[in-house]
Amino acid sequence: MSDTTSSRAFDVVVLRQDGPGRPSYWQRFAVPYEADMNVISALQKIAAMGRTADGKAVSPVVWDCNCLEEVCGACTMVINGKVRQACTALVDRLLEDNPEAIELRPMTKFPVVRDLMVDRSRMFATLKKIKAWLPVDSYYDIGEAARQSQENQQIAYELSKCMTCGCCLEACPQYLKIELVRHEGESDEAFHARETEAFFRSFMGASAIAQVDLFNTNPTGAMTSRDRLDALVSEGGIQVCGNAQNCVQVCPKDIPLTTSIARMGRAATVHTLKQWFDR
Amino acid sequence: MTRPKVVVVGGGLAGLSATMQLAQLSIDVDIVSLTPVKRSHSCCAQGGINSVNNLTRQLGDNEWKHFDDTVYGGDFLQHQPPVNEMAQWAPKIIELMDRLGVTFNRTPEGFRDQRRFGGTLYARTAFAGATTGQQLLYALDEQVRRWEEHGHVTKHEFWEYLGPILDDSGVCCGCVVQDLVSMEIRSLRADALIIASGGCGLIYGRSTMSMACTGSAASRTYQAGVHYANGEFIQVHPTAIPGADKLRLMSESARGEGGRVWVSRIPQDPRHPTEIPAADRYYFLEDRYPKYGNLVPRDIATREIFNVCTKEGLSVEKDRMCVYLDVSHLPSDELDRKLGGILEIYEKFQGVDPRKVPMKIFPAVHYSMGGLWCDYARTAAGGLHVGSPRNHETNVPGLYAIGECDYHYHGANRLGANSLIACIFSGLITGTGVANRMKSADRPLAAERASTLFDQACQGKQADYKALLARDGRGGNPYDIHQELGKVMTQAATVVRHNPDLEKALAKVHELQERAKTCSLSDMGNWTNQNVVFTRALQDMFPIAKTILKGALARDECRGAHFKPEFTMPHVDAEAPSERRRQAEAWCDRFEENNRKWLKSTIARLGPDGEPELSYEEVDTSLIPPRPRLYGIVGGEVIEEVWKERSRGAAHE
Ligand SMILES: Cc1cc2nc3c(=O)[nH]c(=O)nc-3n(C[C@H](O)[C@H](O)[C@H](O)COP(=O)(O)OP(=O)(O)OC[C@H]3O[C@@H](n4cnc5c(N)ncnc54)[C@H](O)[C@@H]3O)c2cc1C
Ligand code: SF4
Ligand code: SF4
Ligand code: FES
């Protein structure tokens, strides 16, 4: 772009970690400034340079991304202390807030794979626990879908924008990190089974609660709502939520998480009472 | 008992729909994907998905017209039976996706709402806010998760496909993959391998596509002997937001909902766009194409925007080419309801509210119409034999290609909202065909074969990987080479193409390919090494880049997205009726002559030296005879008249 900007550089400090269980350490990079940059383009520059601010050759920082337009959820990290997507974190705005440097850290509620990349498989496992799908008869042409009101669609649409990014979980005081270490000689299957069990027992988090809401309000999903409510009130379910409301403030998709939590809380109470009387 | 297994590479709409169909038919599936499948590129699709519907039907629409619009929009370069079958299935697929929970927008009475997209006169496009692709992808992802829970599906996410494994007789029996966390290389045995790896936009550096759209999987399949067809047909989307890392799409739905494209008649008018009076605004698309207005097909909109900026010098900005895309005249609440998602993207990245101020946009590489060659089984009536294992099978037995990485359905130019339907359709029909292939017992199951074949394939890839890590670090930088490749490709092989430029680009790309062979890694580690992934993908971009350039160089005509000014058709501009008539006759002669020569698919295969070799394949146009595409051509009416007379004559013969 123009000459005035090309010589300028800004600092990016990154909390790095070479692999699971390894110590973390900070590194500082000087990134040449360009107009319209975001944190992804800064990381791309760092990858291409392969050097720290004081000239030491280092391996490029590892991070996760795909869509670059905040719909895939991959690039979530902690930027200047706030959990968010790197692709919509504009460098100009970040430097306005803190001209010193941009600080990048991996999310703390998930095991670090390397550098800024974390393992969020727990989120996908939780979607299995709550049966986040519609149990349709088949994929054949067997008739029309149910009609739905505009109002219903708008509620469902908001909930179905959840991109499994994990911001709401990072911010939640009740959601705690689970990092299992593989035993000597433990097979993939055995490790996976142990992990799933641990995931299922621990708090499902706001995003999963909202997904129960989504599927249970769908006309077809409502027919199997009991299965999802069972999961919702099981160990690690909605009762763990302490109503701190941090989740709703950080959701990049503005999903009305606390509204869902309240609605699901009521459904859970009714469900538990019913279970009592049905005994 | 050992059961047959299918491996699907890619978990976008195409890969997931094939997987769920196979699972429903009790076939076990392994999915391999660079990203968790839920984060696949398909989630970027904004605008919608096409099918005939009850409403358009009553205005005279039907499946045949959807088919007709698709082949007309694609300049007749696609085989017609698959398109015909797709159009037949489309309304049923929309119904299925609705049953799977896609939150399609609703009318006050509770029916699905529809909008109009480019290249058609009917409101055929169903949509879910401005994130239709995301919603469709999630619905399929959920179904596949359900099958995963049932034990029919195993996912390998953060795994990379390195290439197919073929036996001595050339039949595909699996593939080599690498775990991108532990970097372990292993083989997956498969009784059928389905490639659903999406587009290859990153060959152009920046595009509207996601970071996984490198074309690497398609290229590796191509390098293993599968043919690559119509590579030169790359769609450039008319409206994208220029950015440093990506060119973000501004969906066609912005125009579908009434958005207007304009520039000031005064070059680089210094006034704020909201202060430019109507008299000075040049709505050039509406002016030049009164019938379709802002909704002309993509290739035409792209070229007009490009020309207004380059030839006519009317770009809004001086340093950066762009035009206005304006929705600010539409009611704000309606915009939020129908276009919320995409307007947010603009606001997020540009810091300007498009509800109040016209957006600035420019064309960007968006879609690859070409791709891996694959077959189909035609019925006498001109549809597909549902259940035939030949549907979507490549020239390598047992190896299939579906979704954006195949070459069917869109011909020389894709219509808006037709890709999502093609991806899901190709997945479903291929799932059924592949399941039938599993039933024929004339082959040993891959799981029961001797392990030498698989071990050798792994060792080969392992050796390549080791060699890559061991490079001495004195070569060029892979990220710089990628940028250069993107620049060369964007300059030579997008909107306007000239033979001398294409020749120069081929030489330059060859030079970059040589440089990439020695480019060095900055990470030699053996854990989550993204440097390896990137460098390997870069190397695999060259065979496809060369195929695009060679195909474009050879094709001396204009068709759809492929535009060479030297070979444009003349205008019919004479005043005198007899002279007009003569010009139109000459025009039609030339049109027919050109079709005889060029209405053919380009088929590329890699020669022993690794260079693409071209041949051509006849196109099945037996259902709808090719006719001139006359959107906005001067003298279009008389050409049409002459053409109609000729076709009637032909019909009587
Ligand atoms: C911004 C944008 C908007 C669009 N909007 C619309 C629209 O409104 N309507 C419409 O009809 N079309 C639209 N399209 C086009 C459409 O989105 C795509 O063509 C379609 O989603 C492609 O789907 P796919 O299943 O073929 O591949 P993708 O969704 O691209 O998925 C590819 C899969 O392959 C995997 N993969 C790739 N390489 C490898 C490898 N080497 N190893 C392992 N896995 C690999 C990836 O991880 C991914 O899972 C749009 C496209 C863009 C770019
Ligand atoms: S409201 Fe519940 S889920 Fe949300 S942050 Fe608080 S404790 Fe966590
Ligand atoms: S609810 Fe919001 S913050 Fe939580 S995972 Fe979904 S999109 Fe992310
Ligand atoms: S890269 Fe997809 S959300 Fe940022």
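Predicted model: local features only at pLDDT ≥ 70, side-chain atom pairs only at ≥ 80, totals over all residues.

Colleague: How do the residues of the shell around ligand 1 divide into nonpolar, polar and charged?
Modeller: The shell around ligand 1 holds 39 residues, with Ser40(B), Ser42(B), Glu404(B), Ser419(B) and Leu420(B) as the closest. Several elements of chain B supply at least two residues each, including helix H1 (13-24), strand E7 (159-166) and helix H6 (216-223). By class, the residues of this shell divide into 16 nonpolar, 19 polar and 4 charged.

Colleague: What share of the accessible area that ligand 1 has on its own does the protein cover?
Modeller: A polar backbone atom of Ala14(B) is 3.0 Å from an oxygen atom of ligand 1, and a backbone N or O atom of Tyr161(B) lies 2.9 Å from a nitrogen atom of the ligand. In the side chain of Ser216(B), an N or O atom is 3.1 Å from a nitrogen atom of ligand 1. Of the 1,000 Å² of accessible area that ligand 1 has on its own, the protein covers 99%.

Colleague: How many charged residues does the shell around ligand 2 have?
Modeller: The residues around ligand 2 include Cys172(A), Cys241(A), Cys247(A) and Ile261(A). Their classes come to 7 nonpolar and 5 polar, and the number of charged residues is none.

Colleague: Which residue in E5(B) is the bridge partner of Gln114(B)?
Modeller: In chain B, an open antiparallel sheet of 3 strands has the order E3-E5-E4, with E3 (49-50) and E4 (114-115) as its edge strands. E4(B) is joined by 2 bridges to strand E5 (residues 125-126). The bridge partner of Gln114(B) in E5(B) is Ala126(B).

How values were computed
Residues numbered from 1 in each chain as written. Chains lettered and ligands numbered in written order. Heavy atoms only, no water. Near = heavy atom within 4 Å. Nonpolar A, V, L, I, M, F, W, Y, C, P; charged D, E, K, R; others polar. Pairing = 2+ DSSP bridges. Helix = DSSP H or I, 4+ residues; strand = E, 2+ residues; numbered from the N terminus. Polar contact = N/O pair within 3.5 Å; in protein donor to acceptor, adjacent residues only side chain to side chain. Areas by Shrake-Rupley, 256 points an atom, 1.4 Å probe, with all protein chains shown as cover.
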